[in-house]
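Please examine the model shown below.

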Amino acid sequence: MEFDVIIIGSGLAGMTAALELAPRRRVALVAKGPLMDGASPRAQGGIAAPLALEDSVADHVRDTLTAGAGLSDATAARQIIAQARDAIAWLQHQGVGFTRAGDALHLTQEGGHGRRRIVHSADATGRCIMDALHDRVRRQPGITLLPRHFAIDVIQRGAAGTPCQGVRLLDIEHARYVDMMASHVVLASGGAGQVYDTTSAPPSATGDGIAMAWRAGCRIANMAFTQFHPTGLHHPQSGGFLISEAVRGEGGLLRLPGARRFMPDHDPRAELAPRDIVARAIHQEMRRHGLDCVHLDISHRLRDFLLTHFPTIHAHCLALGIDMAVDPIPVAPTAHYTCGGIVADTTGRTEVANLYAVGEAACTGLHGANRLASNSLLECVVMGRSAARDILLRPAASVRHAPAAPTPAHGPDAQTRQHAEALRDALRRLMSREVGVVRTDAGLLRAKSQIGALTAQIKAYCDRDGTSMALLELRNLAQVAALIVNDAIAQCGSRGAHFNTDRP
Ligand SMILES: Cc1cc2nc3c(=O)[nH]c(=O)nc-3n(C[C@H](O)[C@H](O)[C@H](O)COP(=O)(O)OP(=O)(O)OC[C@H]3O[C@@H](n4cnc5c(N)ncnc54)[C@H](O)[C@@H]3O)c2cc1C
């Protein structure tokens, strides 16, 4: 199979790039599961853009740099945010219906933003955007959809660092390898939240693209900065469900049992402080009082208001027996967003020729040490379009055929599968325990040594028992865990989403 461009990942970043490329290039859009398995359809809150009359690109950039705690690339942030207005118009042109307030788009407020700036579709923004783009993608003859194909590694002209020529895939249904060649490959494979055992990220977020790019010779940056969302729904059947930041934006208050507010003791912005500050405050209060969760209370708002603004959250909570119009919602911090990733410039180019990275898998410098709420959907659209524009400027060079791919010998037996599951659980528990919201020097060193031991076992399984998606994901999770821990150890202080009590 030969294409001009192969896109790994059918989330917002991948679909945007595909739609911009397809009229002029033959595109393969690859997903390891069904097409809508990524984080994008889960996004609730919205997409940030300085659309209000009294708002400006400069103000939005300032808030982004403040959240990024000195580690954002100001030039990249300016370039990306300057395209926000266009990005919203492009989405509307694709058929996305955003919530309106009269003639204008309704803008909501989220933590860290100095003003109302979040465009949204009630509280199901990601789902509305992805439904519209999915519809377009299906009707575009230039796009070949390849769900249930797992990208294993980039095919390069020579050793790591040499130009990219294609991708080796595992066709999951037929249990066979496929070597697919193309003049350009775009990694739009999402984040790595699954490296933690409590996460809002989807099961697909195993950091595959980041690990692939690392093996291919790309630089990976800022992996210490995993953003923990302060308000994951704390319930045994929550399924990683989040209580959107917009609930605090619309007046939700964080309380301890007995209804005492605590955020004003931690930050003058109280509930509207940036995520890392709120997450650490909740973590500290839970530790201090021996709690599993705290409460987010928006019961002072009328039910009609809650049903209009938060229909999905209202319904999800109600199904679990929590009526947010009456009861406070139990919440606790949960791993949410990978601020670091594959180093890419604002055209999406990585340091390996012909290889691009966009969306959550990439590190453009926009987020720095901490992502400002709702900047990631924005980055997906802007960078998906930028990468497509850059690729369209280059010729679709002819590609050399790779030798036929060997067929996997056999899949892992039941016992190996069981061991692999146990290793995955152990790795995720270790990361949550030692490399979570709050870290210590000793904990990071323990994590480093235990990840080394786990990696050796995982390699032995991969070598001995052929290959399966579960084992390949596990290999990538261990690789990404090592990148996170090594970067965390290399930090000489604390900032943004990385907090080490020994180096405050
Ligand atoms: C619950 C939740 C709520 C959020 N709310 C917001 C919000 O309100 N606003 C905001 O800006 N951001 C929000 N975010 C973050 C945002 O949704 C994500 O950062 C963004 O959607 C990532 O998009 P993406 O296209 O990079 O990746 P994804 O949408 O995660 O898509 C990744 C794709 O890559 C594929 N893939 C991965 N590995 C492989 C492989 N090895 N082979 C083949 N395919 C592969 C997957 O199958 C999937 O199709 C939220 C995230 C979550 C989890």
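The questions and answers below treat one topic at a time.

This is a predicted model, in which local features need pLDDT of at least 70, side-chain atom pairs count only at pLDDT 80 or more, and totals for chains, interfaces and linings use all residues. Residues are numbered from 1 along each chain as its sequence is written, and side-chain values use heavy atoms, with hydrogens and water left out.

Q: How many of the 12 residues of strand β11 are buried?
A: Strands (E, at least two residues) and helices (H or I, at least four) are DSSP runs, numbered from the N terminus. Buried means under 20% relative accessible area, exposed over 50%, and partly exposed in between, with a 1.4 Å probe and protein chains only. Strand β11 covers residues 176-187 and is largely enclosed by the rest of the structure, because the number of its residues that are buried is 11.

Q: Which residue of β11 is the bridge partner of F3?
A: Two strands pair if DSSP finds at least two bridges between them. Strand β1 (residues 2-8) runs parallel to β11, and six bridges join them. The partner of F3 in β11 is A182.

Q: In which sense do strand β10 and β11 pair, parallel or antiparallel?
A: The hairpin of β10 and β11 has four residues between the strands, and A175 takes a positive phi near 50° there. G166 has M181 of β11 as its bridge partner. Over six bridges, β10 (residues 164-171) and β11 pair in a sense that is antiparallel.

Q: Which residue of β18 does V185 stand opposite?
A: Strand β18 (residues 355-357) runs parallel to β11, joined by three bridges. The residue of β18 opposite V185 is L355.

Q: What is the angle between the planes of the aromatic pair Y196 and F228?
A: Rings of Phe, Tyr and Trp (its six-membered ring) pair if their centres lie within 6.5 Å; planes under 30 degrees apart count as stacked, over 60 as edge-to-face and the rest as tilted. A search of the whole structure finds one such pair. Y196 and F228 form this edge-to-face pair, with 5.3 Å centre to centre and an angle between the planes of 75°.

Q: How many residues apart are Y196 and F228?
A: Y196 counts as buried at 1% relative accessibility, and F228 counts as buried at 9%. Y196 is in the loop between β11 and α6 (208-216), whereas F228 is in strand β13 (residues 226-233). The pair links distant parts of the chain, and its separation in residues is 32.

Q: Over the ring of which residue does the charged end of R301 sit?
A: A charge sits over a ring if NZ of Lys or CZ of Arg is within 6 Å of the ring centre and within 35 degrees of the ring normal. R371 lies over the face of Y337, at 4.3 Å from the ring centre. The charged end of R301 is 3.9 Å from the centre of the ring of F305.

Q: Which helix gives the most to the shell around the ligand?
A: Of the 38 residues around the ligand, S40, G46, A151, E360 and S376 come nearest. α1 (12-21), β9 (149-156), β16 (329-338) and α12 (375-392) each supply at least two residues of the shell. With four residues, the element that gives the most is α12.

Key:
A residue is near a molecule or strand if one of its heavy atoms lies within 4 Å of it.
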